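Take a moment to turn the model around before reading on. This report walks through the fold step by step, from the whole chain down to single residues.

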Amino acid sequence: QVRRLFLLPKPDGKSVAFVLILNPPLMQGKTEYSQLVLPLETSRPVSIVTAGDKNVDLQAKEEGELAEVLPRVFKSLSGHAAVGPAAGFASSNGFHCVNCAHKTFEGHLYFLDDCLLFVNRPCCVIRYKDIKEVEFQRIDSGRTFDLVVVTKIGLENQFSAIEKTDLDAVRNFLNSKQVGGAEPPAKQARTE
C-alpha cells in the first residue's frame, strides 16, 4: 500500500525524485523496502493509455512530462497526492534542499511541511512531531556544519557536511516548525 508520495525537484533542474512511502514494505528476500525513490527526468514526454476503469480518475490517454504524469497515475491508484517541498524553505542557492551526507551516502535533505526527507540511499523520513531535539555541530569551524536529529524514541540521524551558508535557513525553518534545540547557534555554542 502506498501511504505517501513526494515529488521533489533536484538542484540540477533537470530531474525530480519521486518518493513512495510504503506500508507494508516491499520484501525482496529478507530485505524490507519501505521507501522507493524513482529519479525522473523533467523533460521526458510520455503517453499512457489507461484501461478506462471507472474507479480510476484518469483520462483514457494521459500525456505530458513523465514527472507530471506518473504522480497523477499514482494519485489515482493510491488516493494520495504527491507532496512537494515546503514553500517556507530555500537554501542559500535558492533550492528546496541542502546537499549533505547521511551515513556514508551523499544526497539531498528536503525540509517539507511536516517532515525532513533525505533522498538517496538510505532514504530517511523524519516527521517533525517525532523529533525530540536537533543539535548543530561543528558550527564554529570550517565551511560546513552537521545537523543531528534525535527522535523521541532515541534514534539519532546525522546529516553532515551542510554548507555553512545554509545554517540560518535551516535553523529558522526548524524554529518555525517548533523543533527543540533549533535555537540560534550562538546560544547553543555557549552552552556546550
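What share of the contacts in the protein with a separation of 6 or more comes from residues 24 or more positions apart? The share is 40%. Keep in mind that this is a predicted model.

**The whole protein**

The protein has three helices and 13 strands. Its C-alpha atoms fill a box of roughly 65 × 35 × 30 Å along the principal axes. Of the 192 residues, 38% are buried. The protein exposes about 11000 Å², and 49% of that comes from carbon and sulfur atoms.

**A sheet of four strands**

Let us start with the open sheet whose four strands follow the order β3-β2-β1-β6, with mixed pairing. Strands β3 (31–41) and β6 (82–83) are at its edges; each has a single partner strand, so one side of each lacks a neighbour in the sheet. What holds strands together in a sheet? Strands pair through backbone hydrogen bonds, in a parallel or an antiparallel way. Here, β2 (residues 15–28) and β3 are antiparallel partners over 10 bridges. You can find L26 opposite Y33 in β3.

**A sheet of seven strands**

Now look for the open sheet of seven strands, ordered β10-β9-β8-β7-β13-β12-β11, where the pairing is antiparallel. At its edges are β10 (124–127) and β11, each of which pairs on one side only. On average, neighbouring strands of this sheet are turned by 30 degrees against each other, direction ignored.

| Strand pair | Bridges |
|---|---|
| β8 (residues 105–111) and β9 (residues 115–119) | four bridges |
| β11 (residues 131–137) and β12 | six bridges |
| β12 and β13 (residues 156–163) | six bridges |

H108 stands opposite V119 in β9.

β12 and β13 form a hairpin with four residues between them, where G154 in the turn has a positive phi of about 95 degrees.

**A covered strand**

Is strand β12 (residues 144–151) mostly covered or mostly uncovered? It is mostly covered, with eight of its eight residues buried. In a regular strand, side chains alternate between the two faces of the sheet. In β12 both faces are covered: T144, D146, V148 and V150 are buried on one side, while F145, L147, V149 and T151 are buried on the other.

Helix α2 (residues 167–176) has L167, V170, R171, F173 and L174 as its buried residues. Seen down the axis of α2, these buried residues fall within an arc of 165 degrees, so they line one face of the helix. Which strands does α2 lie across? The helix lies across β7 (97–102), β8, β9, β11, β12 and β13, and runs at about 165 degrees to β11. Just after α2, Q178 takes a positive phi of about 60 degrees.

**Putting it together**

Notes: Residues numbered from 1 in each chain as written. Predicted model: local features only at pLDDT ≥ 70, side-chain atom pairs only at ≥ 80, totals over all residues. Heavy atoms only, no water. Pairing = 2+ DSSP bridges. Helix = DSSP H or I, 4+ residues; strand = E, 2+ residues; numbered from the N terminus. Buried < 20%, exposed > 50% of the residue type's maximum accessible area, 1.4 Å probe, protein only. Arc of directions from axis to C-beta. Axes fitted to C-alpha atoms, helices over the stretch in contact; angles between N-to-C directions. Contact = heavy atoms within 4.5 Å. Areas by Shrake-Rupley, 256 points an atom, 1.4 Å probe, with all protein chains shown as cover.
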